Amino acid sequence: SGEIKRSRAEICICAASQHPAMDLTGRVLAVPQRGSDPPCSKKSQADIQRSLVELKNGNGNIYLSNSGMGDAGVTMLLQGMEGCSGIRSLNLTCNGITDSGACRLADAIRSHTSLEVLALGQNQIGDLGAQRLAAAMEAHPALRMLSLEGNQVGDAGASALMTSLASSRRRGLASSLAANPVKRLVGPALENLDSAASTVKSLSVVGVTLGQLLPLFKEACSSGEIDPWKTTTGEAIQEIVLPSTCKQGMSYVQSGGYKNGPPMVHVIHAWTGLFQDLLKVIAMHASGKAEPSLDPGDDLWRYDPEFLEKSYFIDAFCCNQHSSTNRLRSFGLADNTAFTVGDARCEIDKLDLVAEQIRRRGGRVLVAVDSKSQVLSRLACLQEIRKALLDKMPMEAGFIYIQEASGLLAEMADACSEKRRHELMEEIAVGPGGYQQFNQDIIDFINAQVAIKWKEKVEGKRR
């Protein structure tokens with residue numbers, strides 16, 4: 001009864017999966033073909049056969065580390081596991097498993113609902129395999145540990161795993177990516193992705209409203225702290241937000257104790273653009289009016305107070321600027337209060353993951369194009385827009401002046417430092433389509449939005 005037939009042990013190639021590979025935004029991904037797997041050695045086949053016999057005899061822990069099974073062995077193992085129940089852990093470390101085998105595992109564990117631990121360290125799994133495993137982990141009812149140390153996973157795979165961890169409602173879920181070529185996370189953050197995912201999860205529900213921003217703007221203008229026609233968003237943060245929040249060491253929203261609803265709009269904006277422009281674009285979006293007043297006492301806001309309650313994610317007000325290592329940190333805070341980019345607790349390097357959480361709750365992205373189009377002259381902003389386009393995020397643009405985009409956007413854009421500019425340009429160069437496609441994608445998006453806005457203007461409505 002516990003024997004495995006020889007014919008099954010010799011089958012190394014399985015039929016194509018019924019489920020197409022998709023990333024976390026629903027895009028279909030290419031899955032490596034299965035017909036070219038190198039065959040398992042006789043030793044690997046014997047190890048797999050022995051484990052399957054033990055499984056069918058009641059042992060729910062499969063240990064096949066260093067078996068040399070490869071992707072073909074994964075197929076053989078999964079075929080033998082069909083119809084089996086009670087599998088609690090599956091250790092396949094050091095087996096030469098690639099994306100192809102990882103995708104098969106991701107599909108197969110759907111039917112093994114008691115699986116709690118999946119160890120795939122020291123293999124050859126890349127971003128595609130990590131993305132598929134991330135989706136499977138999020139949907140699985142019991143899996144609590146996915147180990148991927150020492151593979152070939154990069155930023156795309158790490159982002160998918162953090163998104164799944166942040167999106168899951170189950171507690172105690174963990175994943176490790178130590179010793180992988182991930183750039184966006186460093187050190188301890190890779191050892192347990194749950195810490196970084198917790199930062200994303202908590203940050204994604206922090207929103208700010210016009211009901212808070214418009215009075216702040218009016219008071220600062222009245223006191224002379226800012227000049228509405230000269231003060232940039234960065235200067236406004238430095239002049240009126242940081243001084244008032246430094247004692248608490250919190251974000252503007254947290255410091256004010258505001259209990260806003262989870263944001264439904266992620267705003268991409270330039271800190272070098274006018275603060276007044278940022279508020280006007282948000283006011284236009286919230287009210288649907290082409291020329292909304294920024295006076296909180298205006299009839300527009302008095303008669304439709306719900307416009308003031310719409311929640312937006314704006315990094316300048318929702319992220320804790322006191323914990324960021326940038327030029328705005330000051331006011332005598334201790335060095336240990338700052339988290340470098342890549343730290344699990346850093347917030348400013350996880351904005352794309354926050355945007356994904358907002359999308360998943362039915363939200364969208366808003367690009368605030370200021371009067372001087374500063375948002376299109378900052379590399380970090382351009383990267384955010386391109387990332388949202390690649391992820392197929394619902395996205396629109398709001399304009400102070402409706403004007404088309406053209407030219408070498410990336411090549412002409414600035415960054416906060418020369419080092420950061422070099423890093424961003426390197427990422428663009430090796431990304432999909434290089435500089436040319438990067439620029440064209442953003443230009444096409446902006447110009448399509450321009451056409452929409454002009455049409456709305458002609459028809460006498462904003463949207």
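Leu173 sits in the loop between helix 6 (155-167) and strand 7, where helices (H or I, at least four residues) and strands (E, at least two) are DSSP runs, numbered from the N terminus. This is a predicted model, in which local features need pLDDT of at least 70 and side-chain atom pairs count only at pLDDT 80 or more, while totals for chains, interfaces and linings use all residues. Residues are numbered from 1 along each chain as its sequence is written, and side-chain values use heavy atoms, with hydrogens and water left out.

With a relative accessible area of 4%, Leu173 is buried; here buried means under 20% relative accessible area, exposed over 50%, and partly exposed in between (1.4 Å probe, protein chains only). The C-alpha atom of Leu173 is separated by 7.2 Å from that of Asp194, a residue 21 places away along the chain. Helix 6, on the other end of the loop that holds Leu173, has 11 of its 13 residues buried, so this helix is largely enclosed by the rest of the structure. Among the buried residues of helix 6 are Gly157, Ala158, Leu161, Met162, Leu165 and Ser167.

Seen down the axis of helix 2, the buried residues fall within an arc of 160°, so they line one face of the helix; the arc is that of the directions from the helix axis to the C-beta atoms. The buried residues are Ser44, Gln45, Asp47, Ile48, Ser51, Leu52 and Leu55. An α-helix has 3.6 residues a turn, so residues three or four places apart point the same way. On the other side of helix 2, Lys42 and Lys43 are exposed. Just after helix 2, Gly58 takes a positive phi of about 110°.

Positive phi values also turn up outside glycine. Asn66 has a phi near 60° and belongs to the loop between strand 3 (61-63) and helix 3 (70-81), where it is exposed, with a relative accessible area of 55%. Ala179, with a positive phi of about 60° although it is not a glycine, is found in the loop between strand 7 (174-176) and helix 7 (188-191). Ala179 is exposed too, at a relative accessible area of 62%. Another exposed loop residue is Pro141, with a relative accessible area of 52%, placed between helix 5 (127-139) and strand 6 (145-147). The C-alpha atoms of Pro141 and Arg170 are 29 residues apart along the chain and separated by 8.2 Å.

Next come the cysteines. A search of the whole structure finds 0 disulfides, a disulfide being a pair of cysteine sulfur atoms within 2.5 Å. For Cys319, the nearest cysteine sulfur is that of Cys318, 7.0 Å away. Cys319 counts as buried at 1% relative accessibility, whereas Cys221 is partly exposed at 23%.

On a 1 Å grid over the protein atoms alone, a cavity is a set of points where a 1.4 Å probe fits but cannot get out, and lining residues have an atom within 4 Å of a point. Grid points are joined across faces, edges and corners, and a volume is the space filled by probe spheres set on the points. The largest cavity has a volume of about 90 Å³, and its lining includes His266, Leu351, Glu384 and Met393. Strand 8 (265-268), helix 15 (351-360) and helix 16 (379-390) each supply at least two residues of that lining, which divides into 6 nonpolar, 1 polar and 4 charged residues. Ala, Val, Leu, Ile, Met, Phe, Trp, Tyr, Cys and Pro count as nonpolar, Asp, Glu, Lys and Arg as charged, and the others, Gly among them, as polar.

The second largest cavity has a volume of about 50 Å³. Helix 12 gives the most to its lining, with 3 residues. The lining of this second largest cavity comprises 6 nonpolar, 3 polar and 2 charged residues, including Thr233, His269, Leu274 and Asp370.

Key. On a 1 Å grid over the protein atoms alone, a cavity is a set of points where a 1.4 Å probe fits but cannot get out, and a pocket is an open set with protein on both sides within 12 Å along at least five of seven lines; lining residues have an atom within 4 Å of a point.
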